[in-house]
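Please look over the model shown here before reading on. My comments are set out as numbered points.

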Amino acid sequence: SAVTLRIGLNMDQLTSMRTFAMIASQRSFIRAAEKLNLAPSVISKQLSALEKHLGILLVERTTRVVKLTEVGELYLARCKHILAEVDDTEAMITKQTGQLRGTLKLNAPPGFAHRHIAPHLALFLKEYPDIIVDMTTAENDAPHVLTTADIHIKISETHTASGIQMRVLASNRRMLTASPDYLAEHGVPETVEELNDHQLVTLDYGHRNNDWHFRTDTGALETFRADGHVRLDNGDALLRTALNGGGLCMLPSYIAGRHIASGALMTVMDTSIDEHTPLHALWRENNHRLPKIQAFLDFLTQIFGKTPYWDVQTDDNKEAFVRASK
């Protein structure tokens, strides 16, 4: 009997269709997961969601070797056609008009996204008016982030896996800061040992960013595990506490920079602090949105420049600094 296949074309289903096509081509969940740089469990969930949406079984799971059902073979042929049409259409539009279009999904830490991505989106959309930017903000180190996001922006040490590309977008350093009023009342620490005599403002107990790193006179790296008198769960809370005299706080320059420039915060122990973790972006090599990914990363790189505006304000980055300060 004839079988009617219901094929949806929203972006989540296109992702599931690409996953199904990879499973079919590799005849293995494990190999497909390796190709897509995803966990096999994620692959399986995407396939199950697709089968549930269609109301049909696409793959027989009775053996270790993936075998498509009869209707699965039919659906695969349609998938290949649809995915090729999507890719060819985007490529044709880009080539003929020079104009990128469609959705671009981003994931970035909220403290950075709100300060240094959102203020510049209007400028990006003037250049690419047919792109829809879909940004979520969360501190997320999970390996499956790139199953739903085209670009994952991180501020932590990262080692790329097969099929994943990385680009450094800007430098990032952390500085030990406090308000002028706090330092006037409690004094300015000059050694790591003196930090024990101060009020400290930190993240949650045991958070990796509560390890503060310093270079000794001999060049050795020393780690001070900060146990906060005030423990908070995000950078904005740390900032506001420090601004109002709460104590010493290790803050990234992208959060504290303009407050240091204004004199609302002061830095201490600058010559001995060793806190450098670049801001970088991750994306999948096989993502069909690569032209849009490249355009957005080029845009951010140009905006941030060699020395980002949150570290040093110059004539070249003045407009970006003003946008981010609003």
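Predicted model: local features only at pLDDT ≥ 70, side-chain atom pairs only at ≥ 80, totals over all residues.

1. Helix α3 covers residues 40-54, which makes 15 residues.

2. Which residues of α3 are buried? They are Val42, Ile43, Gln46, Leu47, Leu50, Glu51 and Leu54. An α-helix has 3.6 residues a turn, so residues three or four places apart point the same way.

3. Just after α3 comes Gly55, with a positive phi of about 75°.

4. How many disulfides does the structure hold? The count is 0. Cys79 has a relative accessible area of 0% and is buried. Cys249 is likewise buried, with a relative accessible area of 0%. Both values lie under the 20% cut-off that defines a buried residue.

5. Strand β8 (residues 200-203) pairs with two strands, one being β12 (residues 248-252), in the parallel sense over 2 bridges. Here Val201 stands opposite Cys249 in β12, and Cys249 is the buried cysteine of the previous point.

6. The other partner of β8 is strand β11 (residues 230-232), which runs parallel to β8 and is joined to it by 3 bridges. Within this pairing, Leu203 has Leu232 of β11 as its bridge partner.

Note on methods: Residues numbered from 1 in each chain as written. Heavy atoms only, no water. Helix = DSSP H or I, 4+ residues; strand = E, 2+ residues; numbered from the N terminus. Expected span 1.5 Å × (residues − 1). Buried < 20%, exposed > 50% of the residue type's maximum accessible area, 1.4 Å probe, protein only. Disulfide = S-S within 2.5 Å. Pairing = 2+ DSSP bridges.
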